[in-house]
Amino acid sequence: MNSSFAWLIRRELWESRAVWVAPAICGAILIIATLIGGLQVGEVRIANLADPAVAAKIEALGGDAIPRLSRLLLLAIAVPFYITVMFTQFFYALDALSSDRRDRSVLFWKSMPVSDAATVGSKFAVAVLVIPLVALAAALLSQVVLSSMVALKLSGTELEFTQHLWTAGTWLPAIGATLYGALAVILWSVPLVGWLLLVSAVVPRSPFLWAVLPPLAVALVEDVLFDSSYFIHLIAERTLGVFAAAFSGTEQVGATVRIGPEDGLPPRVEHLMQPVEFLTSADLLGGLVVGALLVAGAIWARRYRDDNG
Amino acid sequence: MATLIEARGLTKAYGAKRALDGATFTVESGRIVGLIGPNGAGKTTALKAILGLARCEGELRVLGLDPYADRAKLMQQVSFIADVAVLPRWLKVQQAVDFVRGVHPRFRPDRCEQFLARTNIDRRSKVKELSKGMITQLHLALVMAIDARLLVLDEPTLGLDILSRKQFYDSLLNDYMDDERTILVTTHQVEEIENILTDLLFIDRGRIVLDTPMESIPEKWLQLVVAPDRAGAARELKPLTERQLLGRHVFLYEGADPDALERLGEVRQPSIADLFVAKIQGGLA
């Protein structure tokens, strides 16, 4: 059974190349953007670090400023990968249980001695584990590549930055925060992936429209009838809200990473993480329960749905 | 001889329409059974029930299992080809072979290799790059390499040219069928399976209207061809159907005395198509 499950996972990867293509594109964009000088956290552009005036400003912050800033920059590199994960999960999960009904190949898959629970389970595992882990690997690789690019750019200068680039003190907390961010994205995505798998298993066709239009309609009706936007906020919270839930003060990070003594030192990356609050929050635990119910619903729907729609 | 499929009072309603309406039949091992019926008669629904793809009312055991509850387990012993177009288009030939080997405990890779070696199928091709005939060959190679007790074929040759259809059934008979195996097949092309069937099941409006081994057809049904002047006498013997062919009258009888028929004209064995017309379109239409 275990090796059979591994084949189900492999099957998913044969079909859905976006699992690794999407993070690869994300990494490529980051690298190109850095080369052009566009990558920015607060007012720090990586390409600007070689600018003596900018460098001088940072060094003027003194003390711990440079390693703190380095760690934040490394974590910031991971953020676009987390967002890529959400997009990839969205399209993957919507397609997972509907495309084979559309082309009728579901009849071939169902002719194999594989239970519907194993099939849905393999798709759930790809969405919540494989996609984030591949993106995590790409994020870590990008951190190394982008750091190397900075090192190359700063080589030959006397800047203090170069001394902190490759130290364990910079990297260990940054990698820790990156892994923690990936864990948060994984756990947070469970109910959303469950919902998308259920939609994918149930609707006769056009899962994208079914997943997107009803929530939009609800939000519109809410706006017209009650002049409120609770539902839109709920959706935002269940998606991008992961950052606010897992990290504290994310909204201030951009503002705090100012270059200049008057704005104070950048925050320590390890102080941004709030794992205990996050892992015990009702939002997360409730989401996991709802996600499990939705996946059970998707398994049930997979059993009675076939090519007849 | 073991009973592979036992269905009693199988019923399935889609809204007000009854796709199956108390169908009762059994399939014994070692047989090649044709499930024949007009469109919408319930053939596909019956197969779906047998394969555990649809839940039905009534009693149904396949290899002693409840198909809907135990589909995954059942599929270790049952293979099916729904129709030729269902292999996913993005799948590569080699991936298809690897996948089935990976998930199916009764798959024999060497047999699959043997079948594929006889074709022009390139392992690196995707299914969408293959012709319809090749897709069938690939699907058949995968299925024939599975050591299954029951093979279910639902319109397996739909959309294939004559050559591919013939190859399909030839491979099935020569390379697959043996005493241990059982095949249940539905098709509109009755003529092409006429000679390979051992049993006949007619289904109409969700009910089984005929269930007979092929060898007993000549004992029960006879076709009589007479000149027009004998038609009246032939009608006296209560035929099931009558039609005219090239100026002569053709009658089909059930349980008639062969000697009485011989005196009127030429007695033949009816084809499945003749029986189909008699049993399903019903009587003197």
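Predicted model: local features only at pLDDT ≥ 70, side-chain atom pairs only at ≥ 80, totals over all residues.
Residues are numbered from 1 along each chain as its sequence is written, and chains are lettered from A in the order in which they are written. Local features need pLDDT of at least 70, side-chain atom pairs count only at pLDDT 80 or more, totals for chains use all residues, and side-chain values use heavy atoms, without hydrogens and water.

Chain A contains 16 helices and 2 strands; helices (H or I, at least four residues) and strands (E, at least two) are DSSP runs numbered from the N terminus. Of the 309 residues in chain A, 48% are buried, that is, under 20% relative accessible area with a 1.4 Å probe and protein chains only. Among contacts (heavy atoms within 4.5 Å) in chain A with a separation of 6 or more, 84% join residues 24 or more positions apart.

In chain B, helix 3 is mostly covered, with 9 of its 11 residues buried. Among these buried residues are B:Val93, B:Phe99 and B:Val103. The loop between strand 5 (78-81) and helix 3 (93-103) of chain B holds B:Arg89.

Elsewhere in chain B, B:Pro228 occupies the loop between strand 10 (221-226) and helix 9 (231-236). When residues up to four places away in sequence are not counted, B:Pro228 touches B:Gly247 and B:His249. B:Pro228 and B:Gly247 are separated by 19 residues in sequence and, from C-alpha to C-alpha, by 7.3 Å in space.

How values were computed
Buried < 20%, exposed > 50% of the residue type's maximum accessible area, 1.4 Å probe, protein only.
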